[in-house]
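The following note comments on the helix packing and aromatic contacts of the model shown below.

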Amino acid sequence: MTKIRHTAVAPTRTQRLASGGAVDAHRHDDHQIVYAGRGVLTVTTSAGSWIAPGARAIWVPAGTVHAHQAHGELDLHLVGLPATDNPLGLEAPTVLAVGPLLRELIVAYTRAPGDDSPERSRLRAVLLDQLRVSPQQPLHLPMPASSPLRALCEILQADPADGRTLAELGRQVGASDRTLSRLFRSDLGMTFPQWRTQLRLQYALVLLAEEESVTAVAHRCGWSSASAFIDVFRRTFGHTPGSHPAGRPAG
């Protein structure tokens, strides 16, 4: 059995991870905000994965066993908050929008973590205020605990471009499309097409961070054309994949 590293206090610091770098599964007694100033960050737990591209951060509640994965060169900003400070009232990891002010607050707060001055306390108070009004983003890919649904999800994770129908996939995992459709709704809270689109968008963000072309990303993720991919991407993230800021450094 893999031992889960435990740290009572979640660190506040900056950290650089090379593309493909990872931080193994661990947990803190404190809450933590994880923000990638550049690159794309994935946080994974037993319940699924959350991905933070560009101007997003991930809220990780106290006690959550989680791992980090870097896609592209990653400038990681970690903000630890005592378990008594939960400005969002959230008990599960959540992706948050990071506006220009919150971005600068996070970068400034992690630049000098040993500073306990009154100025730093005020900086932290404003940071918490900004967190309270940060919109939540639907960038969570849930994973089921039970089979055959988990087996189906793992097939598509191995190849997001797999375009088989639910009935065709069901024959491989030994379940009817009716049963699988019901399980997607009851276990994951979404339909099969919604889950597959979410998977493909997560994979697309990873490939864009690795500087794949938009056309290649569309093909590798299973979209019928680059224009179809661009349309879904724009509706989800508010900009085209060609202008995606994943590789832009912060500061």
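1. Phe184 and Phe192 are both buried. This is a predicted model, and in it the rings of Phe184 and Phe192 form a tilted aromatic pair, with 5.4 Å from centre to centre and 55 degrees between the planes. The count of aromatic pairs comes to five.

2. A further pair is formed by Phe233 and Phe237, whose ring centres are 4.6 Å apart; the planes stand at 50 degrees, so this pair is tilted. Both residues belong to helix α8, where they are four residues apart, about one turn of the helix. Phe233 and Phe237 are each buried. Together with Trp223 and Phe229, they form one aromatic cluster.

3. Helix α8 (residues 226-237) also packs against α6: the two axes come within 11 Å and cross at roughly 95 degrees. Because angles of 65 to 115 degrees count as roughly perpendicular, α6 is roughly perpendicular to α8. On the α6 side, the contact comprises Thr197, Leu201, Ala204, Leu205 and Leu208, which meet Phe229, Val232, Phe233, Thr236 and Phe237 of α8. By class, eight residues of this contact are nonpolar, two are polar and none is charged.

4. In helix α4 (residues 166-173), the buried residues are Leu166, Leu169, Gly170 and Val173. They lie on the same side of α4, because the arc they cover around the axis is only 105 degrees. Their cover includes α3 (149-158), α5 (177-188) and α6 (192-209). Just after α4, Gly174 adopts a positive phi of about 80 degrees.

Notes: Residues are numbered from 1 along each chain as its sequence is written. This is a predicted model: local features need pLDDT of at least 70, side-chain atom pairs count only at pLDDT 80 or more; totals for chains, interfaces and linings use all residues. Side-chain values use heavy atoms; hydrogens and water are left out. Buried means under 20% relative accessible area, exposed over 50%, partly exposed in between (1.4 Å probe, protein chains only). Helices (H or I, at least four residues) and strands (E, at least two) are DSSP runs, numbered from the N terminus. The arc is that of the directions from the helix axis to the C-beta atoms. Contact means heavy atoms within 4.5 Å. Axes are lines fitted to C-alpha atoms, for helices over the stretch in contact, and angles run from 0 to 180 degrees between N-to-C directions. Angles under 35 degrees count as roughly parallel, over 145 as roughly antiparallel, 65 to 115 as roughly perpendicular and the rest as oblique. Ala, Val, Leu, Ile, Met, Phe, Trp, Tyr, Cys and Pro count as nonpolar, Asp, Glu, Lys and Arg as charged, and the others, Gly among them, as polar. Rings of Phe, Tyr and Trp (its six-membered ring) pair if their centres lie within 6.5 Å; planes under 30 degrees apart count as stacked, over 60 as edge-to-face and the rest as tilted.
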